[in-house]
Amino acid sequence: MTAERPHIAFLGIGLMGAPMARNLLNSGFPMTLWNRTASKCEPFAGEAAIADTPEQAVANADVVITMLENSEVVDRVLVAQGALGALKPGALLIDMSSVQPSVARQHAELAAERSAGYVDAPVSGGTVGAQEARLSIMAGGSEEDVARARLVFEALGRCTRIGPVGSGQLAKLANQAIVGITIGAVSEALLLAAKGGADPAAVREALMGGFASSRILELHGQRMLDRNFSPGAPARIQLKDMRMILDEARDEGLTLPLSQQVHNEYLSLVANGHSDVDHSGLLLELEHLNGALLGSLGRGPKE
C-alpha cells in the first residue's frame, strides 16, 4: 500500500456507496468502481475507472471497500464472483456493509489466506452522514489493520476501533437496535399526543429541549410530521438489521423483547407494501394499526 493515497476498489455504488465514493474521490484517492447495475457508476466515469466484474475491480487495488446490501450479497460478490480470490498480497479488505459478525470472521479468514488484511467497518449516519463525510465508523480488526485504514476513514467520517474482527458488526447491531426501537417510540409518542388533541409539531419541539431529545426525534420526528418517507435508509434494510439482531441474540442465548416487537412491526410494514420507504416510515404501520393519521390530528386542545 502506498504511503500517500492507496488505490481503492469500491464495490457497491448505491444510496450510501455513491456519496462515500464521491468523498473519497474528492480527497484524491485513485479509484476503481464496480456495481451490479453498471449505470450507477456512470456519474464517476470521468474520475474513476469502471470495472466490469468485482474480480477485475480488485485485481490491482491496495484497499478494497464493499458497501453492499446484506450478508448474502457480500458473500456472493467476495466469494462466488471471485473478488476475494483476486486480492493481491498485502491488500486491505474493508467491509462497510452491515453483515452478521460470523460472516465478517469468515471473510477475514479467507482474506488472511491471501495474505491480505481485513476490517469490518459498518457505519451509522445515513445518506446525510455519507454526503457530509461525518459517518460514525465502527471498526473491527487488528490494531494494525485499523491503523492502515485510518487515512481512508478520515475522508468518510469518524472511526472508533471496537475490537477484533466481528466487533464492528456487533456495534452496528447495537446501533440498529437503538435506532429501530427509538423510531417506534417516537412514532407512538407523536401519535399519542396528536390523538389527545396536542399539536405534534409543538410536542416534538418541547421534547427536543428535554431528556427525551435524540437525533431520531430531531430528524425522523420531523420526517413524520412532514410525511417525507423518501428513503435514506429503506425499511427493508432496517428489517434485515432487526432480523440479524435477533439471530445474534439467539446465538448468544439472549431474549430481546423490544427488538422482537420492533422486528414484527417492520415485518408488517414491509408486508403491507412499504419496503422502500424510509425506516422512519414505521409510523405508517402504526397509523394502519390504529386507523388514524398523524397529520390529521392535533389541531387544537381536546375539549
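## A buried leucine

Leu-269 has a relative accessible area of 0% and is therefore buried; buried means under 20% relative accessible area, exposed means over 50%, and partly exposed lies in between, with a 1.4 Å probe and protein chains only. The structure is a predicted model, in which local features need pLDDT of at least 70 and side-chain atom pairs count only at pLDDT 80 or more, while totals for chains, interfaces and linings use all residues. Residues are numbered from 1 along each chain as its sequence is written, and side-chain values use heavy atoms, with hydrogens and water left out.

Leu-269 belongs to helix 11, residues 257–271. Helices (H or I, at least four residues) and strands (E, at least two) are DSSP runs, numbered from the N terminus. Not counting residues up to four places away in sequence, Leu-269 touches Ala-235, His-274, Val-277, Gly-281, Leu-282, Leu-284 and Glu-285; contact means heavy atoms within 4.5 Å. From C-alpha to C-alpha, Leu-269 and Asp-226 are 19 Å apart in space and 43 residues apart in sequence.

## The nonpolar core and its surroundings

A nonpolar core is a set of buried Ala, Val, Leu, Ile, Met, Phe, Trp, Tyr and Cys residues joined through side-chain atoms within 4.5 Å. The largest nonpolar core has 34 residues, and Leu-24, Met-31, Met-96 and Phe-153 touch the most other members. At least two residues of this core come from each of strand 1 (8–11), helix 1 (17–26), strand 2 (31–34), strand 4 (63–66), strand 5 (92–95), strand 8 (135–140) and helix 6 (143–154).

Apart from neighbours within four places in sequence, Met-31 is in contact with His-7, Ile-8, Phe-10, Ala-21, Leu-24, Leu-25, Ala-48 and Ala-49.

Phe-29 is located in the loop between helix 1 and strand 2. Its relative accessibility is 3%, so Phe-29 counts as buried. Leaving aside neighbours within four places in sequence, its contacts are Arg-5, Pro-6, Ile-8, Leu-24, Leu-151, Val-152 and Ala-155. The C-alpha atoms of Phe-29 and Pro-6 are separated by 6.6 Å, although the two residues are 23 residues apart along the chain.

Is Arg-22 buried, partly exposed or exposed? With a relative accessible area of 24%, Arg-22 is partly exposed. Arg-22 lies in helix 1 and touches Phe-44 and Glu-47, not counting residues up to four places away in sequence.

## How the helices pack

Two packed helices are described by the angle between their axes and the distance between the axes. Axes are lines fitted to C-alpha atoms, for helices over the stretch in contact, and angles run from 0 to 180 degrees between N-to-C directions. Angles under 35 degrees count as roughly parallel, over 145 as roughly antiparallel, 65 to 115 as roughly perpendicular and the rest as oblique.

| Helix pair | Angle between axes | Axis distance |
|---|---|---|
| Helix 3 (residues 71–80) and helix 4 | about 10 degrees | 11 Å |
| Helix 4 (residues 101–113) and helix 7 (residues 167–195) | roughly 160 degrees | within 8 Å |
| Helix 7 and helix 9 (residues 215–226) | roughly 55 degrees | within 10 Å |

Helix 3 and helix 4 are therefore roughly parallel to each other. Ser-71, Val-74, Asp-75, Leu-78 and Val-79 of helix 3 make this contact with Val-103, His-107 and Leu-110 of helix 4. By class, the contact of helix 3 with helix 4 has five nonpolar, two polar and one charged residues. Here Ala, Val, Leu, Ile, Met, Phe, Trp, Tyr, Cys and Pro count as nonpolar, Asp, Glu, Lys and Arg as charged, and the others, Gly among them, as polar.

Helix 4 and helix 7, by their angle, are therefore roughly antiparallel. In their contact, Pro-101, Ala-104 and Arg-105 of helix 4 meet Gln-169, Leu-170 and Leu-173 of helix 7. These residues divide into four nonpolar, one polar and one charged.

Helix 7 and helix 9 are therefore oblique to each other. Ile-178, Val-179, Thr-182, Ile-183, Val-186, Ser-187 and Leu-190 in helix 7 meet Ile-216, Leu-217, His-220, Gly-221 and Met-224 in helix 9. The residues of this contact comprise eight nonpolar, four polar and no charged.

## Backbone exceptions

Most residues other than glycine have a negative phi, and most peptide bonds are trans. Ser-115, which is not a glycine, has a positive phi of about 60 degrees; Ser-115 is found in the loop between helix 4 and strand 6 (117–120). Ala-133, also not a glycine, has a positive phi of about 55 degrees. The loop between helix 5 (126–131) and strand 8 holds Ala-133.
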